[in-house]
Amino acid sequence: MPKLSADQLETLAKRYTQFATNINTFLDDNDVADQASYNRLSHDATHAANAGATLAVQAAATTFDDAAGAFVKIDAATTQANAAAATLKNEVASISRGIKIAAGMLSLAAALATGNVPNVLSSVTAIHSALVS
Amino acid sequence: MKRAFVAIALGCAVLSGCEKPVDTQRVQEYAKTFAAGAASFDKVAADFAQSCVRIREYSDNSAAFLRTRPVVEMTPAPNGVAPSTCALAATVSAQWKLRNAILEQYVQGLAAIAGVDTKPEGTDALGSALTSTSIFSSTQATAFGDLVSTIVSIKMENDRDAELRRVVLKADPSVGQATESLASTAEGPYTTLLDDEEVVGDRFYQRYLRNAVHPNGDRLTILHVRQEWLARRNDVETRKQKALAYAASMRDLAKTDAALAKAAQSQASLSEMIDVVNDNVVPLVKDVSALASSGG
């Protein structure tokens, strides 16, 4: 017997459930005095609802099987997104470090040219900080 | 030469000042909204298996309700849902929860790219250093620092836009297929399961009332059982509403992602892609709020 698709299982589940709901509504709306008749109808409603539930669970499981590949692809895209974000952050940090080193070297050159000793020391410290950051 | 350079630098600085800032916070907000809904999403996923168990217990007269009620001999019900069916429902619930997490992590991944700060540090120090050389005036040096900052930012923003486009296109159309599978499971099989739970619950309470209170009806017992029965029915109705709100949230995500993919294909900038998120974040907030606030 061929395997039923998720849509077919869901359609069958809904039919059983609708049948069960109809009997349930009938029993709610009508006073069935005969206990045997009442029991039989109540039994049928429960039986149909159980069949509907069984088919609904199978429909969900089949839907989940069918969609598994899509989630694998999304997972891969997420891995790529996180890696890209980390790379971009590192790239900005590297450029910032380069700018700080360049600024420090310019300050150092200016300080050396003018013989400004405190600025020489602070420039060397700035270059060192940029290098080790 | 020096004058021309300063003019270019000032021009760039002015241009960068006029450039519309990209409101990446909206993407963060979108990701936060989706994350805020995660607990409610997982409750929907978990209830799929729990509903199956309740159906089985109502059907075979082993509902928890009976543990606190006078024991009566109940009319036997037909064979209930097989334990293997509820075991399969438990597997579906576990997978469902994992899949909610995969979608949430994807949205967080987009937010991580959009949230990268592209402005380099150190351009102020560069301006000061240039001033200290006495070659440039303070204004010229500041303009040069801004020029460097703008050039780097533009380069990094282009890289960021390209990465975002790549990720969105890689996930397309999988996000649409994935969200549709979850939305249709919530609207279809899960809602059907809840309809079945309502029927077998009704039958269970009716069986109990018929056996417990007939023919010498105890009014207090009738009242209590009817109250609990009504509360159970209301609870099932609330869970049906939650299933629909969940499906709507999933479709909001699908809609946003489809629009993002369309924008990515047309080489839209990050700013334009964020406009897409802006258009969709409001319905998502509404649907997630409905899901979180509908009781239960």
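The model is predicted, so local features need pLDDT of at least 70 and side-chain atom pairs count only at pLDDT 80 or more, while totals for chains, interfaces and linings use all residues. Residues are numbered from 1 along each chain as its sequence is written, and chains are lettered from A and ligands numbered from 1 in the order in which they are written.

**Chain B**

Chain B has 8 helices and 0 strands, where helices (H or I, at least four residues) and strands (E, at least two) are DSSP runs numbered from the N terminus. Along the sequence, the pattern of chain B reads α-α-α-α-α-α-α-α. Of the 296 residues in chain B, 45% are buried; a residue is buried if 20 or more other C-beta atoms, placed from the backbone, lie within 10 Å of its own. Among the contacts in chain B with a separation of 6 or more, 84% join residues 24 or more positions apart; two residues are in contact if their C-beta atoms, placed from the backbone, lie within 7 Å.

**Packing of α3(B) and α5(B)**

Helix α3 (residues 83–114) and helix α5 (residues 138–171) of chain B pack at an angle of about 165°, with their axes 9 Å apart. Axes are lines fitted to C-alpha atoms over the stretch in contact, and angles run from 0 to 180 degrees between N-to-C directions. The angle makes α3(B) roughly antiparallel to α5(B), a term for angles over 145 degrees. The residues that form this contact are tabulated by helix.

| Helix | Residues in the contact |
|---|---|
| α3(B) | Tyr106(B), Gly109(B), Leu110(B), Ile113(B), Ala114(B) |
| α5(B) | Arg160(B), Glu163(B), Leu164(B), Val167(B), Ala171(B) |

By class, the contact of α3(B) with α5(B) has 7 nonpolar, 1 polar and 2 charged residues. Ala, Val, Leu, Ile, Met, Phe, Trp, Tyr, Cys and Pro count as nonpolar, Asp, Glu, Lys and Arg as charged, and the others, Gly among them, as polar.

**Contact between the chains**

Chain A gives 53 residues to the contact and chain B gives 66 residues. On the side of chain A that touches chain B, the elements giving two or more residues are α1 (6–29) and α2 (35–114) of chain A. The largest share of that side, 46 residues, comes from α2(A). By class, the side of chain A that touches chain B has 28 nonpolar, 17 polar and 8 charged residues.

Ala85(A) lies in helix α2 of chain A. Ala85(A) is buried because 23 other C-beta atoms lie within 10 Å. Leaving aside neighbours within four places in sequence, Ala85(A) is in contact with Ala112(B), Ile113(B) and Val116(B). Ile113(B) also takes part in the contact of α3(B) with α5(B).

How values were computed
Buried ≥ 20, exposed ≤ 12 C-beta atoms within 10 Å, placed from the backbone. Parallel < 35°, antiparallel > 145°, perpendicular 65-115°, else oblique.
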